[in-house]
Amino acid sequence: KNQGQAAARNNAVKLATGDFIAFVDSDDYIEPDMYEVLVENIEMYQADIAIAKWHYDDCNAKTVQEGEKICFDKEQGLNFLIKGNGTYTITMSVWDRLYRRKLINGIYFPKGKCYEDIVWSTKVFWRAEKIVYVDKALYVYRKRQGSITQSDQGSRGAISPRLVSDRIPLLEEQVTYLKSIERLELAEECQFRLYELMLVYY
């Protein structure tokens, strides 16, 4: 029985026996050397997560050569995840990175929910002692009609049911979690974005 993406990911992590875990969306694809590059960097820097740059499949300008590498600790990593750094962007999505399996043990995606990466990524980044970002485009994201992200980017008044049932509650859970680990400035940032989102749609 198809139980959805979150359940599939949770079951895969439980069954996995290797040292590393990665997730790839079925519509996307990766460059042939993506995991070779990420394993090399995760081991070189003794990191818990290695992240690659990503690009859309219709974008011709991609980084071919490996550029800058940035290492950060859990405090900096969570800041980077939520605020960005002005030059590079790390999304809440899980597909452009490699994790040490032991890092994510016991952290599960909420079943039956869209936007399931929001709280999961926040918790995983806070657990990581070191994260490395590799400025090389290795993950290719395919724009697709009817995807969850595209469907939920409606105009004012066009409210997707998933926005109400999934995204907003998960953003509220993220704020609560950030408060629980005393990252109050990040909780305020996420709270502001939540209000901003609600104003756009309501």
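The structure is a predicted model, in which local features need pLDDT of at least 70 and side-chain atom pairs count only at pLDDT 80 or more, while totals for chains, interfaces and linings use all residues. Residues are numbered from 1 along each chain as its sequence is written, and side-chain values use heavy atoms, with hydrogens and water left out. The chain holds eight helices and six strands; helices (H or I, at least four residues) and strands (E, at least two) are DSSP runs, numbered from the N terminus.

**Overall fold**

- Read from the N terminus, the elements follow the order α-β-β-α-β-β-α-β-α-α-β-α-α-α.
- The chain has 202 residues, of which 46% count as buried. Buried means under 20% relative accessible area, exposed means over 50%, and partly exposed lies in between (1.4 Å probe, protein chains only).
- Among contacts between residues at least 6 apart in sequence, 79% join residues at least 24 apart. A contact means heavy atoms within 4.5 Å.

**Nonpolar cores**

- A nonpolar core is a set of buried Ala, Val, Leu, Ile, Met, Phe, Trp, Tyr and Cys residues joined through side-chain atoms within 4.5 Å.
- The largest such core comprises 35 residues, and those with the most contacts inside it are Phe-23, Ile-49, Leu-78, Tyr-99, Ile-104 and Trp-120.
- Another core, of 14 residues, lies apart from the largest one; Leu-38, Ala-52, Val-132 and Tyr-139 are among its members.
- Leaving out residues up to four places away in sequence, Leu-78 touches Thr-122, Phe-125, Trp-126, Leu-178, Ile-181, Arg-183 and Leu-186.
- Ala-52 belongs to strand E3 and is buried, with a relative accessible area of 1%.
- Ala-52 and Leu-138 are 86 residues apart along the chain, yet their C-alpha atoms are separated by 6.1 Å.
- Beyond residues up to four places away in sequence, Ala-52 touches Leu-38, Asp-96, Tyr-133, Val-134, Lys-136 and Leu-138.

**Helix H2 and its buried face**

- The buried residues of H2 are Met-34, Val-37, Leu-38, Asn-41 and Ile-42.
- Viewed down the axis of H2, these buried residues fall within an arc of 125 degrees, so they line one face of the helix. The arc is that of the directions from the helix axis to the C-beta atoms.
- As a general rule, an α-helix has 3.6 residues a turn, so residues three or four places apart point the same way.
- The cover over the buried residues of H2 includes strand E1 (20–21), strand E2 (29–30), E3, strand E4 (69–73), strand E5 (97–100) and strand E6 (130–141).

**Packing of H3 against H5**

- The axes of H3 and helix H5 (residues 117–127) come within 8 Å and cross at roughly 155 degrees. Axes are lines fitted to C-alpha atoms, for helices over the stretch in contact, and angles run from 0 to 180 degrees between N-to-C directions.
- H3 and H5 are therefore roughly antiparallel to each other, a term that applies to angles over 145 degrees.
- The contact is formed by Lys-74, Glu-75, Gly-77, Leu-78 and Leu-81 of H3 together with Ser-121, Thr-122, Phe-125 and Trp-126 of H5.
- Trp-126, in helix H5, is buried, with a relative accessible area of 15%.
- Apart from neighbours within four places in sequence, Trp-126 is in contact with Lys-74, Glu-75, Leu-78, Tyr-177, Ile-181 and Arg-183.
- Lys-83 is placed in helix H3 (residues 74–83) and is partly exposed, with a relative accessible area of 45%.
- Lys-83 and Cys-190 are 107 residues apart in sequence and 9.2 Å apart in space, C-alpha to C-alpha.
- Setting aside neighbours within four places in sequence, Lys-83 is in contact with Glu-185, Leu-186, Glu-189 and Arg-193.

**Loop residues with positive phi**

- Gln-46 has a phi near 50 degrees, a positive value in a residue other than glycine.
- Gln-46 sits in the loop between helix H2 (34–44) and strand E3 (49–56) and is exposed, with a relative accessible area of 57%.
- Glu-182, also not a glycine, has a positive phi of about 60 degrees.
- Glu-182 occupies the loop between helix H7 (161–180) and helix H8 (184–201), and is exposed, with a relative accessible area of 68%.

Notes
Parallel < 35°, antiparallel > 145°, perpendicular 65-115°, else oblique.
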